[in-house]
Amino acid sequence: MSLSISSDEIAVAETEKTGERAAIEQPRSSAPSGRTPRAVFAGGIVVTIALFAFGAWQRRWIADDGLIVLRTVRNLLAGNGPVFNVGERVETNTSTAWTYIVWFFSWLTQARLEYVVLGVALTLSLLALLFAMLGTGKLWGPASSVLLLPAGALAYIAVPPARDYATSGLENCLVICWIALLWLLLIRWSKARRPGVAGLLGLAFLAGLAPLVRPEMTVVGGLALLLIFFAPMPASRLRPWLLRGLIVAVAGAVPLVYQVWRMGYYGLPYPNTAVAKDAGGAKWGQGLTYLWDLAGPYYLYVPLAILLVAGLVSARVYRVAPVVVDPAAEQEREGLGRIRRLREWLRTPAAVVTLVLSSAVLLTVYALRVGGDFMHGRMLLPQLFLFLLPVAVIPLRLPEGGVRALNRRTAPAFGLMVVALVGTVAWALLASGTTAIKTGTKINESGIVDERVYYVLNTGHDHPIRAEDYLDYARMRPMVEAIENTPDGGLLLNSPSFTFWYVAPPPIPIPPGGAGHTVYFLNLGMTSMNVPLDVRVIDPMGLAFPLAAHTERLTDGRIGHDKSLYPDWVIVETGMVDRKPWLPWYMDEDWVKQARVAMSCPETYALTLSYKGPLTFERFKHNLLHATDFAAYRMDRVPEYEIQRCGLVDPVPPVR
């Protein structure tokens, strides 16, 4: 019988020896131990969460984009599947996990959808703060021997967009909650003397959910998985290679199954929103504008600089370092290979902090590249949250003898920590009441708007939450009336007037019960949530309309709205009457004829079948194999140019 010991087992043993020899390199403390520090830490968490809850509730609302999620949830509850319009397999929500979380709690409670999403969003936002502070407390702790005071957590909730998107109906709450929980579990894993296999696999499962939380969160989840995969495996009956295989299987099971299903069902490798907004495109200049739009008005660089210094000081003063007890053993450890030492380092708090900050940098660069967003601050909140995680709370310790015992060696560090706390609180008080965008209902040249204020002013409701609150938005009530007054059906196109809609009628004979209605309008959420599910709602930007999503991005278009398909295409696509006087006055019959020919382009026809054709096994297989081709396909929004691109015959003779 022979015994063999793997390199992982040796690394685990060395790590445990190091942990047993570790000692805190810091001055002896007179800070009260036991209950008092724990009470201070718990009190700080309670106060911070209470402030966040109060601030978020004061700014409670559901965004128009949040109502888009609820339209999909309505269809799920009605048995129509995860679609926006019945019979069209289009994934209009960027966060898959958020859609199904809202659906689950809506099904469970049977409560009104707007109130369900409001409650779930606020709860997840508060849990995010709890997990973040617990994780950082574990990083600097134990809480029984040092005062842990809120700092970065206060900085985050002081930023007005953080309180805006604590509700809103969008997935920001889920994103930061997932990040915070991952942070907490990673810190616990890095500081555990003997991490369990079950906990490790649970951590891998959570990290693997990243692309379902939001596609770009794959950066965070992917780095976390690499960290735990290459770190020493915990001692168990399983061989390290088998345990690593389990990590891959557990992390990849759910996202891989969903990815195969998504590609076969929707015909795309990612949500349709990524196509509509060309998430792979580059708009660096707009991205820098978006960054300054958040950082400038709140002087956000001030707390970030203060807390960076505080974090570095804390890392220096409260670091854990090995104490040489056995010189021979220490020399043996120093003789280990670089790779083994690197793998040991991977299971340390320093590695986790590096992961979090690296993720924040990478996600910030990505946000800058794509041009940010049109919603003030929203797309940079996860990055800000990541940057502040290591200093969500910061440690404070008095030397033995209290303040009087401070000397040249201890006074600078203590003073810096106090200044950091006071400075952060002072900045938070100023920033929390700052109004960054003061244009109200006007959209400036940057295209960025304070979305909550914009809809508050345009609807006249301090807290626009219910779908009917948005009936007071321009054109909404006339839209509902136009549908009621046209029982035969038709295509609704908005006019320059806020009180009138053009209705292109269906051709005769009219089928029994009417030909159905289609609304073509930019604001999908408020429109779709104020009409029945049998009313089709599509948009010129393409969030719910693949034909528009697959057009080229407008060079000078407003960020997040830089696609706009001409309504001539929609006349043809919906089969409405395409002649005067039934066409709206501003439309041209020749353009409609050209759009009809352009729609016959084989690639465009194949794209249409991918999401509107019957879902047979052959269709699923075809979509699965060609999903990346469909995602890359682009067409010209001008019918004449599209005819030329596709090599078709123009039905309109050229003007000579």
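Predicted model: local features only at pLDDT ≥ 70, side-chain atom pairs only at ≥ 80, totals over all residues.
# A guided tour of the protein chain

Residues are numbered from 1 along each chain as its sequence is written, and side-chain values use heavy atoms, with hydrogens and water left out.

Now switch to the cartoon view. You will find 29 helices and eight strands; these are DSSP runs numbered from the N terminus, with helices (H or I) of at least four residues and strands (E) of at least two.

Next, show the surface. The protein chain exposes about 28,900 Å², and 64% of this comes from carbon and sulfur atoms (Shrake-Rupley method, 1.4 Å probe). Of the 656 residues, 54% count as buried (under 20% relative accessible area; exposed is over 50%, and partly exposed lies in between, with a 1.4 Å probe and protein chains only).

Let's go inside. Select W98, Y156 and L186: in the largest nonpolar core, which has 179 residues, these touch the most other members. Such a core is a set of buried Ala, Val, Leu, Ile, Met, Phe, Trp, Tyr and Cys residues joined through side-chain atoms within 4.5 Å. Colour helix α5 (residues 113-140) too, as this helix gives the most to the core, with 16 residues. Which residues does L186 touch, not counting those up to four places away in sequence? They are L203, A224, L227, I228, V352 and L355.

Time for the rings. There are 23 aromatic pairs (rings of Phe, Tyr and Trp, using the six-membered ring of Trp, with centres within 6.5 Å; planes under 30 degrees apart are stacked, over 60 edge-to-face, the rest tilted). Select Y566 and W591: their ring centres are 5.1 Å apart and their planes at 90°, so this pair is edge-to-face. Y566 sits in the loop between α24 (546-549) and α25 (567-574), and W591 in helix α26 (residues 589-598), 25 residues apart. Y566 is partly exposed at 26% relative accessibility, and W591 is partly exposed at 30%.

Then select Y100, W103, F104, F105 and W107, which form one aromatic cluster.

Last stop: R71 lies over the face of F84, 5.3 Å from the ring centre (NZ of Lys or CZ of Arg within 6 Å of the centre and within 35 degrees of the ring normal).

Key. Contact = heavy atoms within 4.5 Å.
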